[in-house]
Structure formats: structure tokens, C-alpha cells
Amino acid sequence: MSKQFSTSIIIVRRIALFLVGLVSFPFVALAGLRAPFYSALHRQWIKRNNRPSWMQQADKINQFVLF
């Protein structure tokens with residue numbers, strides 16, 4: 001079963017990710033790796049429990065699919 005993270009951990013994680021994105025922007029923009037880097041940051045941003053983000057998105061999509 002997946003463990004839900006507390007609100008304080010989510011807030012601290014998002015602040016840290018914001019600072020990492022802000023500090024790394026000049027380097028990532030010059031290297032041309034902006035899309036994959038910010039995609040990885042986004043995957044970490046949306047995490048609210050210890051399940052992989054792709055599994056959360058798949059579950060969300062399966063809720064809307066009618067068989």
C-alpha cells in the first residue's frame with residue numbers, strides 16, 4: 001500500500017524543488033536540457049505519496065475510461 005506524505009513534507013519538498021529549478025535555470029537553459037530537467041522536476045512536484053507518478057497518472061486515467 002502507498003503511504004500518504006504529510007502536508008508539511010509536501011510543502012518543504014515543493015519549496016526545495018522551486019529553489020533547485022530557480023538556481024539551475026541558467027545552466028539548464030544554456031545546456032539545452034530544459035525540457036527533460038523540468039519534466040523530472042514536475043514528476044517530483046506532483047508526488048503526494050510514495051507511489052510512482054506514472055502509476056498515479058494511470059489510475060487517474062483509468063477512472064475516466066468506460067468499458
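A helix here is a DSSP run of H or I with at least four residues, and helices are numbered from the N terminus. The views below show a predicted model.

**View 1. Helix H1 from end to end.** Helix H1 covers residues 7-31 and has 25 residues. From its first C-alpha to its last, H1 reaches 34 Å, close to the 36 Å expected at 1.5 Å a residue. The helix has a kink of about 55 degrees at Phe25, shortly before the proline Pro26. Just after H1, Gly32 takes a positive phi of about 80 degrees.

**View 2. The buried residues of H1.** Ile10, Leu17, Gly21, Ser24 and Val28 are the buried residues of this helix. They pack against helix H2, which spans residues 34-45. An α-helix has 3.6 residues a turn, so residues three or four places apart point the same way. Two of the buried residues, Ile10 and Gly21, are shown in the next two views.

**View 3. Ile10 in helix H1.** Ile10 has its place in H1. It counts as buried because its relative accessible area is 15%, and the limit for buried is under 20%. Leaving aside residues up to four places away in sequence, Ile10 touches Phe5 and Arg48. The C-alpha atoms of Ile10 and Gln44 are separated by 10 Å, and the two residues are 34 residues apart along the chain.

**View 4. Gly21 in helix H1.** Gly21 also lies in H1. With a relative accessible area of 10%, Gly21 is buried. Its contacts, not counting residues up to four places away in sequence, are Tyr38 and Leu41. Gly21 and Met55 are 34 residues apart in sequence, and 24 Å separate them in space, C-alpha to C-alpha.

**View 5. A nonpolar patch on the surface.** The patch is formed by Ile11, Ile15, Phe18, Leu19, Leu22, Val23 and Trp45. Together these residues have about 710 Å² of accessible area. H1 gives the largest share of the patch, six residues. Val23, one of the patch residues, has its place in H1. Val23 counts as exposed because its relative accessible area is 58%, and exposed means over 50%.

**View 6. Asn49 in the loop between H2 and H3.** Asn49 lies in the loop that joins H2 to helix H3, residues 53-64. Not counting residues up to four places away in sequence, Asn49 touches Ser2, Lys3, Gln4, Phe5 and Gln56.

**View 7. Ala58 in helix H3.** Ala58 is found in H3. It counts as partly exposed because its relative accessibility is 30%, and partly exposed lies between the 20% limit for buried and the 50% limit for exposed. Ala58 and Ala29 are 31 Å apart in space, C-alpha to C-alpha, and 29 residues apart in sequence.

Note on methods. Residues are numbered from 1 along each chain as its sequence is written. This is a predicted model: local features need pLDDT of at least 70, side-chain atom pairs count only at pLDDT 80 or more; totals for chains, interfaces and linings use all residues. Side-chain values use heavy atoms; hydrogens and water are left out. The expected span of a helix is 1.5 Å times one less than its number of residues. The bend at a residue is the angle between axes fitted to the seven residues ending there and the seven starting there. Buried means under 20% relative accessible area, exposed over 50%, partly exposed in between (1.4 Å probe, protein chains only). Contact means heavy atoms within 4.5 Å. Patches are made of residues with over 30% relative accessible area and no salt bridge: like charges are joined within 9 Å, nonpolar side chains (Val, Leu, Ile, Met, Phe, Trp, Tyr) within 5 Å. Accessible areas come from the Shrake-Rupley method with a 1.4 Å probe; for residues, only the protein chains shown count as cover. A salt bridge is a side-chain nitrogen of Lys or Arg within 4 Å of a carboxyl oxygen of Asp or Glu.
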